[in-house]
Structure formats: structure tokens, C-alpha cells
Amino acid sequence: ADREIIYMDEKYKILAIEDDEVLNKVYEIEMADDNTEVFAALNGKEAREKFSLKPDLIVLDIMLPGESGFELLKEIRKNPDTKNAIVIVVSNLSQTADMETAKTLGAEEFMTKADISIHTLAKKVKEYSDKIRAGETAPKPAAETPKPESEAAEPAKTAKSPEETEI
């Protein structure tokens, strides 16, 4: 799916879905500027209410109250207002399986909270916003269903297309 081009007079919209209010405020301080608005959601319900804002990028925590961020990621990829958004998963989960699940469901990045600073995340967000403004990137489509372990382990099928190559 093609992304609409963001013109310089339009604000770049980030939806931060994080149950830690302080962290959401830090995201807003670090990522908002004259061309970027940051909207916070503390849970899946608040996030769904903000999908209509058509965010360009979503920062998603996986461990949310009452539901899994993985389930929310599936909805993000199906919703017409969010399906083209870049998704960066930022979580305390650090298992390889969690990272693979996030990417299979359509996340462009998976960052472990313990391994990054807010400045690192803000820099990554800016890289994506610059690329989107320049028309250089579109999100990966989510896989319909994750492959069973036996299929996923086949080395011949692990080559990534240029669109899937990580930064």
C-alpha cells in the first residue's frame, strides 16, 4: 500500500501507546516539534479512539493493561486509519520470539527498553519521519498468520526483500 505524501505544512503525527504516563510525557517532550505532534494513549481503548487521527508513526508498548500489544498491532495493521503507519515496538520483553512476532505482525522495529535511551528512540523516529517526508519508505505489510516453528526454521526461506531490510 502506498503512503500518502506528507507535505511540509502538514504535521507529522505520532501515536505513543504506553501505559506509563511519565514515559508518554517524555516521548512528547523528546519527539514533538514544530512539524510533529505526539498523541498519547495509556491503553488499547484510548489507542483505538485515536486511530482516526491517522498517525504516521506509532510507538507501541507490548505489555499493556488488559491486553497484549501484539493483539493491538494486528488491529493497527487492519484498520484503514493506521494500516500504513510505521510501527516501532518498544517493550521490556526481550526474547527473540517476541521480536520475531512483532516483525511478523508488521512492526518495522523492535527496541528493548533496557537497551535504549529515549534519545535513541527519538532519533529513530526522526529518521523514519525524514524518510516518509522524502517519500522513501512505506511500512511492511503484516503477514496474515505467523508461520509454525517448523516452517520458520527453514533457512532457504529467510532471505529478506529490499523493503524488509532493516536500517
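This report describes strand pairing and salt bridges in a predicted model.

Local features require pLDDT of at least 70 and side-chain atom pairs count only at pLDDT 80 or more, while totals for chains, interfaces and linings use all residues. Residues are numbered from 1 along each chain as its sequence is written, and side-chain values use heavy atoms, with hydrogens and water left out.

Helices (H or I, at least four residues) and strands (E, at least two) are DSSP runs, numbered from the N terminus. Strand 1 (residues 12-17) is largely enclosed by the rest of the structure, because five of its six residues are buried (under 20% relative accessible area; exposed is over 50%, partly exposed in between; 1.4 Å probe, protein chains only). Strands pair if DSSP finds at least two bridges between them. Strand 1 runs parallel to strand 2 (residues 36-41), joined by six bridges, and Leu15 stands opposite Phe39 there. Strand 1 also pairs in the parallel sense with strand 3 (residues 57-60) over four bridges, where Ile58 is the bridge partner of Leu15.

The whole structure holds 11 salt bridges, each a side-chain nitrogen of Lys or Arg within 4 Å of a carboxyl oxygen of Asp or Glu. Among them are the following.

| Pair | N to O distance |
|---|---|
| Lys45 and Glu49 | 2.8 Å |
| Glu71 and Lys74 | 3.1 Å |
| Glu127 and Lys124 | 3.5 Å |

In helix 2 (residues 44-50), Lys45 and Glu49 are four residues apart and therefore separated by about one helical turn. Lys45 is exposed at 57% relative accessible area, and Glu49 is exposed at 52%. In helix 5 (residues 118-133), Glu127 and Lys124 are three residues apart; Glu127 is partly exposed at 27%, whereas Lys124 is buried at 12%. Salt bridges also link Glu18, Asp61 and Lys113 in a network.
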